[in-house]
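This report walks through a few places in one protein chain, for a reader meeting the structure for the first time. Please keep the sequence and the model in view while reading.

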Amino acid sequence: MPYQICTKTIMDTTDPNIVFNEKGESDYYTNYKENIEPNWHTDQQGYDELMKIADKIKKTSKNKDFDCIIGLSGGLDSSYAAYIAKEVMGIRPLIFHVDAGWNTDKAVGNIEKLINGLDLDLYTEVINWEEMKDLQTSFLKSQIADQDLPQDYAFFSGLYKFARKNKINYVLTGGNFSTECCREPEEWGGFPGIDTTLVRDIHNKFGKKPLKTFPLVDILSYKIIYKYVYGMEVFKPLNLIPYIKKDAEKLLMDKFGWEPFQHKHHESRFTRFYEDYWLPRKFGYQKRKAHFSSLILTGQMTREEALERVSKPELSEGFLQKEFEYVAHKLDLTTDELQQIFEGENKTYKNYKNKMGLIKLGAQAMQKLGLEKRLFR
């Protein structure tokens with residue numbers, strides 16, 4: 001396939017399934033214009049919907065210690081969602097943080113500042129580091145692009161399990177159209193949901209320690225059982241209010257001394273390393289293309305700015321080399337061992353047992369029902 005880039009966003013043929021129309025516009029752009037924009041209301045209609053949700057949450061959580069739970073990473077989306085929940089919706093969220101061993105100091109500081117500034121309760125779940133390390137090393141050895149799955153699994157499973165155990169029915173997330181309307185394709189490590197079949201197969205092949213305490217909640221459990229049996233609901237408040245990245249950062253900085261990150265997902269040292277070093281250099285994928293395309297579509301960045309920014313690495317070569325050494329040592333690998341894995345033959349989740357077929361069916365059903373507006377592939 002000859003190289004082509006969307007004339008409206010910066011999504012390109014590094015997504016092998018991208019489709020262009022005769023004007024050179026990609027399906028990311030046309031999907032945004034046809035499906036997301038007409039159904040996305042951040043005006044009075046959105047605000048009224050937000051307050052209706054707030055009332056429902058308050059009424060049904062009256063006799064509980066908390067109205068809802070919010071997973072907080074210290075990054076912008078979850079931080080702003082916590083602010084909106086407390087200050088705009090007027091509800092009592094429990095802030096839940098999963099420490100998977102890779103927090104930056106800035107992320108830890110941001111969580112502390114928000115907890116104190118908003119007078120909220122924080123529960124931190126610390127993942128067993130030996131198990132975390134073993135699972136992450138297994139994933140690296142599997143050679144698939146989706147290297148952030150172990151962390152994602154820890155965050156989401158930890159949250160869902162805790163909410164279920166403590167009978168908290170509402171989960172609020174920082175998921176939003178404003179900065180995430182352009183979904184990363186699965187080839188780039190945009191693997192959707194928690195596939196325990198895949199994890200177990202990879203861990204069985206490369207792992208050395210049993211995962212006795214590592215939290216794993218399969219996607220089918222939380223999409224079906226948690227929702228329809230336990231009555232758990234997930235809300236995305238940031239889709240119902242004007243959410244402009246720069247404005248939200250400024251508000252959190254002014255009110256709480258919160259500190260912004262250079263780029264999305266930089267609150268985790270591993271994610272930062274994976275997205276800025278491992279994925280572009282080993283696989284040729286840049287998640288920034290999707291992140292910046294979202295900002296272009298929602299009018300927060302020009303296409304020229306995005307092209308300029310994506311033309312060079314986000315972080316300096318010296319810094320990235322130091323991070324390579326840090327990641328290797330933290331995972332008990334020598335830099336040579338990590339380099340050998342890096343130079344190994346690339347694979348995909350299709351090389352392992354998985355239930356992606358089922359997950360895709362579910363996603364297609366969600367799209368047909370209008371529950372998922374973003375392009376999914």
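In the UniProt record, an unreviewed entry, residues 53-91 are listed under "domain: NAD/GMP synthase". In the structure shown here, which is a predicted model, this stretch is 54% helix and 10% strand, and its end C-alpha atoms are 10 Å apart.

**Aromatic pairs**

The structure holds 21 aromatic pairs. One of them joins Y80 and Y243, whose ring centres are 5.3 Å apart and whose planes meet at 15 degrees, so the pair counts as stacked. This pair links distant parts of the chain, since Y80 belongs to helix 3 (residues 76-88) while Y243 lies in the loop between strand 5 (233-235) and helix 9 (245-256), 163 residues apart. Y80 counts as buried because its relative accessibility is 9%, and Y243 likewise counts as buried because its value is 3%.

A second pair, between Y277 and F342, is tilted, with 5.6 Å from centre to centre and 50 degrees between the planes.

**Charges over rings**

| Charged residue | Ring | Distance of the charged end from the ring centre |
|---|---|---|
| R269 | Y326 | 3.5 Å |
| K330 | W102 | 5.4 Å |

**The largest nonpolar core**

Which residues have the most contacts inside the largest nonpolar core? That core has 36 residues, and the ones with the most contacts inside it are M11, W278, V327 and L338. At least two core residues come from each of helix 1 (27-36), helix 10, helix 11 (287-297), helix 13 (317-330) and helix 14. Helix 10 gives the most, with 7 residues.

**Two buried loop residues**

T104 is found in the loop between strand 2 (93-99) and helix 4 (105-118), and it is buried, with a relative accessible area of 10%. Its side chain reaches the backbone oxygen of E267 at 3.0 Å. When residues up to four places away in sequence are not counted, T104 touches F261, H266, E267, S268, R269 and R272. Among these neighbours of T104 is R269, the residue whose charged end sits over the ring of Y326.

C182 lies in another loop, the one between strand 4 (170-172) and helix 7 (196-206), and it is buried as well, with a relative accessible area of 5%. The C-alpha atoms of C182 and Y29 are separated by 8.4 Å, although the two residues are 153 residues apart along the chain. Leaving aside neighbours within four places in sequence, C182 is in contact with M11, Y28, A290, S293 and S294.

Note on methods:
Residues numbered from 1 in each chain as written. Predicted model: local features only at pLDDT ≥ 70, side-chain atom pairs only at ≥ 80, totals over all residues. Heavy atoms only, no water. Phe/Tyr/Trp six-rings, centres within 6.5 Å; stacked < 30°, edge-to-face > 60°. Helix = DSSP H or I, 4+ residues; strand = E, 2+ residues; numbered from the N terminus. Buried < 20%, exposed > 50% of the residue type's maximum accessible area, 1.4 Å probe, protein only. Lys NZ or Arg CZ within 6 Å of the ring centre and 35° of its normal. UniProt positions renumbered as here; feature names shortened; annotations may be inferred. Polar contact = N/O pair within 3.5 Å; in protein donor to acceptor, adjacent residues only side chain to side chain. Contact = heavy atoms within 4.5 Å. Core = buried A, V, L, I, M, F, W, Y, C linked by side-chain atoms within 4.5 Å.
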